Every structure is written in C-alpha cells, then in structure tokens.
Amino acid sequence: MNLLQWFVEAFNSQWVLPGGQTLLVREVVGNAFGLASALGGMRRKVWAWPVGIIGNLLLLTVFLGSALSPDPSLPHLLGQAGRQIMFIAVAVYGWIRWRNLDGGRVVPRWAPTSARIGMVLAMIIGTVALTPLFRLLGSWEPVWADAWTFVGSLLATYGMAKGWTEFWLIWIAVDVVGVPLLFSSGYYATGFMYVFYGVFTAIGFVIWWRAQRRAAHPIEILPPDPSPRRPEEEEELA
C-alpha cells in the first residue's frame with residue numbers, strides 16, 4: 001500500500017457504533033484539533049488559530065454529508081459546513097491580529113455596549129434570515145438550529161479575535177442548541193465534543209474574566225528602599 005492510498009483510506013475510514021451507526025474518523029480528528037485550538041484560545045496563544053484551521057478543514061468535509069458520500073445516513077448540515085468556511089476566514093483575521101499585538105498576547109476586555117446590542121440583533125436577525133435559505137438548500141431539521149449555530153459561531157469567533165470576554169458566553173448559547181441538533185443528525189463525535197465544550201467554555205469565561213480583572217488592576221510591587229536606616233529605626237525593627 002502506497003502512502004497516498006493509506007491517506008485516502010484513513011480519510012474515509014469509519015467506526016461502527018452500537019445500533020449500526022457509523023462514526024467518521026476524520027470527524028474525531030477534526031474535533032481533536034478544535035479542542036486543541038480552544039485550549040490555546042483559553043491561554044491566549046497565537047498558535048490556537050492555525051491549529052483550529054486544520055480542524056475546520058477536516059470538519060468541512062464531514063458536514064457536507066451526502067455531498068461527498070452517497071451514504072444517506074450522513075445528512076446535510078449546511079450551517080455546520082458553512083461555519084467551517086467562516087471559521088477559516090475569521091481565524092485568518094484573528095491570527096494576523098493577535099500576531100500584531102504588543103507583547104504578542106491579547107488583553108481580555110468587555111465589548112462596548114453598542115457591540116453587545118449589535119451581537120444580540122445579529123444573532124436573532126441572522127438566524128431568521130438564514131433559516132429559509134438553509135431549508136431551501138436541504139439542511140437538516142430543525143433548520144433554525146443549524147442557522148443559530150452558524151450565526152453564533154461567527155459572532156463568537158469574531159469576539160475572540162477582538163479579545164471580548166463575552167465570546168465565551170456566545171459559545172455556550174451555541175452549544176445549548178448545537179448538541180441536540182448534532183445528536184439528532186447522527187454526528188455523535190461532534191455532539192459529545194459540544195457537551196464537553198459547554199463545560200469548557202464556562203471555565204474559559206472565568207479564566208478570561210480573571211485575566212481581565214488583573215489587567216485592569218495590576219499589582220504594584222515597590223522595590224525596597226535603598227536608603228540606610230537611622231539607628232532608632234533599627235532598634236524598632238529589632
């Protein structure tokens with residue numbers, strides 16, 4: 001077996017689960033890269049962006065479902081597939097932005113009030129607008145959930161690139177809707193990963209919030225006074 005054939009077979013390999021369900025190996029690997037990227041994001045490391053892009057490329061091939069495979073057990077999730085493309089585009093923006101930061105590390109902060117209002121409106125309007133489009137293109141029901149996860153993922157990734165602490169809360173809103181959608185459509189690896197992400201994002205929010213507070217109220221360490229003490233001061237210390 002040559003190397004190319006091995007890669008092709010590994011790319012298309014599946015694990016058979018109880019009940020006759022199948023699990024694509026590249027779905028598991030893609031989510032592993034996504035988890036590594038999330039860990040890097042929690043620690044505010046620049047390498048989180050390129051690692052995430054690799055996972056996005058793998059998951060893009062998974063969520064296109066029957067567009068890449070005649071297997072009817074792999075439905076279209078166009079919102080999930082489209083958001084992988086969106087992830088890649090925003091990740092390039094975030095990668096460039098974080099690399100150009102002073103000190104090479106983003107400083108968490110709250111989003112401005114206008115940005116918060118804009119994100120809430122974008123979440124609602126975007127979901128309503130994309131639902132009929134995704135339904136027309138044959139996305140899995142409930143289509144509004146697919147649209148919700150797409151719009152929420154866009155906003156969360158953009159918020160991460162901007163350094164807004166609220167982006168973790170948007171991910172939680174995405175997970176609450178995304179988990180039932182993924183399990184109902186048979187994407188079990190990603191569904192279980194979303195369950196883990198739900199806990200992980202809550203921890204990430206606390207870590208960024210604490211980092212934000214430390215940045216806003218730095219601890220001032222004063223150097224020792226080099227001037228010699230008077231004899232009476234030495235007696236007081238003794």
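## A nonpolar patch and a nonpolar core

On the surface, I117, V120, L121, I124, I125 and V128 make up a nonpolar patch with about 580 Å² of accessible area together. Keep in mind that you are looking at a predicted model. Let's start with the patch, then go to the core and the chain as a whole.

**The surface patch**
- One of the patch residues, L121, sits in helix 5, which covers residues 113-136.

**The nonpolar core**
- The largest nonpolar core holds 46 residues, and F63, W98 and W168 have the most contacts inside it.
- At least two residues of this core come from each of helix 2, helix 3, helix 4, helix 5, helix 6, helix 7 and helix 8.
- Helix 6 contributes the most to this core, with eight residues.
- Beyond its neighbours within four places in sequence, W168 touches several residues, including A38, M42, F200, F205 and W208.

**A look at helix 3**
- Helix 3 is largely enclosed by the rest of the structure, because 13 of its 16 residues are buried.
- At 1.5 Å a residue, helix 3 should span 22 Å, and this agrees with its end C-alpha atoms being 22 Å apart.

**The whole chain**
- There are nine helices and two strands in the chain, and along the sequence they follow the pattern α-β-β-α-α-α-α-α-α-α-α.
- The chain has 238 residues, of which 43% count as buried.
- Its accessible surface is about 13,300 Å², with 70% belonging to carbon and sulfur atoms.

Technical notes
Residues numbered from 1 in each chain as written. Predicted model: local features only at pLDDT ≥ 70, side-chain atom pairs only at ≥ 80, totals over all residues. Heavy atoms only, no water. Patch = residues over 30% accessible without salt bridge, like charges linked within 9 Å, V, L, I, M, F, W, Y side chains within 5 Å. Areas by Shrake-Rupley, 256 points an atom, 1.4 Å probe, with all protein chains shown as cover. Salt bridge = Lys/Arg side-chain N within 4 Å of Asp/Glu carboxyl O. Helix = DSSP H or I, 4+ residues; strand = E, 2+ residues; numbered from the N terminus. Core = buried A, V, L, I, M, F, W, Y, C linked by side-chain atoms within 4.5 Å. Buried < 20%, exposed > 50% of the residue type's maximum accessible area, 1.4 Å probe, protein only. Contact = heavy atoms within 4.5 Å. Expected span 1.5 Å × (residues − 1).
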